[in-house]
Amino acid sequence: KPTRIPFMAGNWKMNLNHLEGIAHVQKLAFALHDKDYEAVEVAVLPPYTDLRSVQTLVDGDKLKIKYGAQDISPHESGAYTGDVSGPMLAKLHCTYAVVGHSERRQYHGEDDALVNAKVKAAYRHGITPILCIGEGLEVRKAGEQVAYTLAQLDGALQDVAAADAGSIVVAYEPVWAIGTGEVATPEDAQEVCGAIRTRLAELYGDEVAAAVRIQYGGSVKSGNVAAIMAQPDVDGALIGGASLDADEFVKIVRYRD
Ligand code: PEP
């Protein structure tokens, strides 16, 4: 864990237009200092329509905050109305792209094969995937959360080379905890995050497994983040609702204080 830099990423989902997004990033930039960025990597994941504005702000002011997209097309270009490609996101200097968020799986029918193709598209363009996996309530009630989540991991990483996999960020997000106020216990988070790391070691070896950052996501707030971060295999958080409040997001970044 000491070699893995904690990573806090704010998933804005379909919130904040580009003007609101600029104001939000300015608030974060004003509040966060070098010592925060030395301790924690910080990223925002705005809607596509905000990315150009965020890029201009970050590049122009040499801000240390990183940014990425909430999705990425598996295709390079062409007749895919409404989609946004890896080359377009790379041109905007996106460091990250979320892949396989449960809301994409649920509302857009994304399956593991498509998630796998999106992971590969991100790597083709030098973008780091934040791969979201996690079980729903029925699976949790049946006690099948580890097997279910690892099957999603296996599916997303089909034919992904070790050289790429070492930089991936995996977000364990139990669907029943997303946006519900129902946070997994630190032990629940550790159980699955630990299993994810063990599977990464089986697939790619100990070195890759030790390098990969695993985030927990699901109703993370300033009041519960420290206990979750204390778990040995939790290296950060993917934060939805609470990331829309700049003061709250800054408190989450400063979870050690
Ligand atoms: C998310 O969007 O990935 C998420 C975890 O949302 P929330 O923090 O609102 O539960």
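The following dialogue examines how the annotated sites and some elements of this predicted model are described.

Colleague: What rules apply to the numbering and to the predicted model?

Modeller: Residues are counted from 1 along each chain as its sequence is written. Because the model is predicted, local features need pLDDT of at least 70 and side-chain atom pairs count only at pLDDT 80 or more, whereas totals for chains, interfaces and linings use all residues.

Colleague: Which residues does the "active site" annotation cover?

Modeller: The unreviewed UniProt entry lists H101 and E173 under that name. They span 73 residues in sequence, yet no two of their C-alpha atoms are more than 8.5 Å apart, so they gather at one spot. UniProt positions follow the numbering used here, feature names are shortened, and annotations may be inferred rather than shown by experiment.

Colleague: Why is H101 called buried?

Modeller: A residue is buried if 20 or more other C-beta atoms, placed from the backbone, lie within 10 Å of its own, exposed if 12 or fewer, and partly exposed in between. H101 has 28 other C-beta atoms within 10 Å, and therefore counts as buried. H101 lies in the loop between strand 4 and helix 5 (102-108); helices (H or I, at least four residues) and strands (E, at least two) are DSSP runs, numbered from the N terminus.

Colleague: What makes E173 buried?

Modeller: E173 has 28 C-beta neighbours inside 10 Å, and so E173 is buried. Its place is the loop between strand 6 (169-172) and helix 10 (186-204).

Colleague: Which residues carry the "binding site" annotation?

Modeller: The unreviewed UniProt entry gives N11, W12, K13, G179, S219, G240 and G241. These residues are spread over 231 residues of sequence but cluster in space, with a largest C-alpha distance of 13.7 Å.

Colleague: Why is N11 called buried, and why is G241 called partly exposed?

Modeller: N11, in strand 1 (residues 7-11), has 26 C-beta neighbours inside 10 Å and is therefore buried. G241, in the loop between strand 8 (236-239) and helix 13 (246-253), has 19 other C-beta atoms within 10 Å, so G241 is partly exposed.

Colleague: How many residues surround the ligand?

Modeller: The ligand is surrounded by 14 residues, the closest being N11, I178, G217, G240 and G241; a residue is near a molecule or strand if its C-beta atom, placed from the backbone, lies within 6 Å of it. The shell divides into 5 nonpolar, 7 polar and 2 charged residues. Ala, Val, Leu, Ile, Met, Phe, Trp, Tyr, Cys and Pro count as nonpolar, Asp, Glu, Lys and Arg as charged, and the others, Gly among them, as polar.

Colleague: What joins strand 6 to strand 5 and to strand 7?

Modeller: Two strands pair if DSSP finds at least two bridges between them. Strand 5 and strand 6 run parallel and are joined by 4 bridges, with L131 opposite V170 in strand 6. Strand 6 and strand 7 (residues 213-217) also run parallel, with 4 bridges, and V169 has R213 as its bridge partner in strand 7. From strand 6, V169 and A171 point one way and V170 and Y172 the other way, and all are buried.
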